[in-house]
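Welcome! Take a moment to look over the sequence and the model, and then let us walk through a few of their features together.

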Amino acid sequence: MTVRPTPGLVWRAAVPWMLAGLLAVALPYVLTSGFALSLLCRMAIAIVFALSFNMLLGQGGMLDFGHAVFLGFGGFAALHAMKFADAGVWLPAPLLPVVGALGGLAAALLAGWVATKRAGTAFAMITLGVAELAVAGVLLFPGVFGGEEGVSADRSAGPALLGYDFGSQSQAYAVIAAWAWAAALLMWVYTRTPLGRLANAVRDNPERVSFLGYDPARIRFRVFALSGLFAGLAGGLAALNDEIATSSNMGPEASGAVLLMTFIGGIGLFWGPVVGAVLITLLSVALGTVTDAWQLYSGLLFVAVVVWAPGGIAGVLSAHGPVLRAGRVGRLVPSYAVAAPGLALAVLGVVGLAELAFRLQAVRNGAQPRPVFGFVADPLAWGPWALAVALFVAGALWLRWAAPRARAAWQAAVQS
Amino acid sequence: MLAGLHKAFGPTRIIQGVDLEVLPGERHAVIGPNGAGKSTLFHLVSGRLSLDAGRVSLGGEDITGLPPHAIFNRGLARSFQVTSLFPKLSVFENLRAGAMRGHGCGHAFWRALDGYGPLRARAEDVLHQVGLERRRDVLAGNLAYAEQRALEIGVTIAGGASCILLDEPTAGMSRAETERAVQLIRAVSVGRTLVMIEHDLGVVFELADRISVLAEGRVIATGVPDAVRANPAVRTAYLGAAAEALHG
């Protein structure tokens, strides 16, 4: 007897993927500037990387502190392939990410062989060690990894494919977006395979899995290897985009960034990391041009999510799904509207404090006070500081009063 | 089935030479006072703990020292005294996880799980058997206690193991829930070998074909319920007042 999924279900699952594909095709026609295109490329790479990270954290219960190692090795592998292509080997640019994926897989097989023997805290600590080891190891072989400068090549110098040389940003975007879409789809399909489900089971209760005929360590190893493969693919895409790979790409900062974006997006749902990757990439680029403090903001956002919304942005959004379907959003508007000014005040206060603090050093060194969002504030005077503190305290008190009411309104809307 | 088992934790000797034979197809209950080593015995047989000495065999095959998953794959499944499920998976997913190995599911990542037809049918069957069809898509972590205990049994039997160990399946249940659990255990043990640890003597005498009494790490009696009930050693060592009540 074979049980087939009903056609309706297949269609419902296919619609978001088709929409995402359409969006990826349409976006470069809407956002035509070179800046926007490179931002879109960054987002696509971050999406693949964050999804591969969540194969471990959200789906497999493995906190990998060194995930950028696989991105890094993927990048180096792809760049060396690119150099071969520049030297005349027939390897068109769209195939380079495959080499990246193999590089990530090879690194993950090696690291996973040690790390996946353990779970939980021990696993996390081993990956931390692997990350240190990898960065140090890469610097030991400047002939292969280019030392501090890294390895660089020219993606357009390789063989052309159908007349395209992939030198322009828009052609590179087409390759990167297509790979990102395919990789995301493959990672979603994986969640519906035996290994994907076993990963969930191992996350929830490894001991019970071992009493159901599977060795949890073997499951972790396989999941780890697959995750490394996709992280390597992301590294290959980044190599294609940047035409350079350096050891700093695989350092602790990059590993921390992917943890941040995945958790902020939400580890409990498949599409959570996508939200986080898009948002954090946008924040880093958009805020990065306005203020020096953007990393502080993404750190604060991370802490806020961990404390108040452990399901991430995706978790908050999906909690409103039932309300939306029942057509009861209207009931939420009043109490949410009451809470919103409190949130705005608190955020304004925090931003004020952060910007003042970042300006303080510069002004002490003799720079003129720069405007903060149009306001000129002197960080040496007490007035702006007092205002920022007052805004924050007022917002916090407001939220303390309004947030429980908004929450109660949501609960009532879900239950009725 | 078990020969000369020994297990010590540091200086504390928990199991001191247990010999026990369970016959194919019977329902065998293991009883004994708290601390007699009943759960430890199960851990030793199922591979959760390693043996200091002795041999365990299953259907003539030596399974001593094998890891839990290898023992499961030779046909022995077990449940846990403290419910051990996958809390963030649905009831159906829990049962399917239990049935996967028995339906030839390896670690495949190139094949959809929905494509394993008989597996889905098996999970649905067990779902009905344990009476949780109306809770099919609820997360196991959100079930009521008695429902979790029923699911615990379901996950254990879903793989189709020929020998099943149940560790206090009715612990903490109300009288009505216990009654339902007894029906369930009776139904699922048809055609299999069942070994259960149970404190509720009513359940034991209702279900068991034979009973073994464990006290201070040794089997002090094995036999049909009436023989065990009448055994003076058992009465002094364990049953005591409870036996008086039963006879009364």
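Predicted model: local features only at pLDDT ≥ 70, side-chain atom pairs only at ≥ 80, totals over all residues.

## What helix α6 of chain B packs against

The residues in question are T178(B), A181(B), L184(B), I185(B) and V188(B). Viewed down the axis of α6(B), these buried residues fall within an arc of 120 degrees, so they line one face of the helix.

## The length of the helix

Helix α6 of chain B covers residues 175–188, which is 14 residues. At 1.5 Å a residue it should span 20 Å, and this agrees with its end C-alpha atoms, which are 20 Å apart.

## Chain B as a whole

Stepping back, chain B has ten helices and ten strands. Of its 248 residues, 45% are buried. Among the contacts in chain B that link residues at least 6 apart in sequence, 64% join residues at least 24 apart.

## Where chain B touches chain A

How many residues of chain B are in contact with chain A? There are 33, and they meet 28 residues of chain A. On the chain B side, α2 (68–73), α3 (91–100) and α4 (117–129) each supply at least two residues. The residues on this side of chain B divide into 17 nonpolar, nine polar and seven charged.

Terms used. Residues numbered from 1 in each chain as written. Chains lettered and ligands numbered in written order. Contact = placed C-beta atoms within 7 Å. Helix = DSSP H or I, 4+ residues; strand = E, 2+ residues; numbered from the N terminus. Nonpolar A, V, L, I, M, F, W, Y, C, P; charged D, E, K, R; others polar. Expected span 1.5 Å × (residues − 1). Buried ≥ 20, exposed ≤ 12 C-beta atoms within 10 Å, placed from the backbone. Arc of directions from axis to C-beta.
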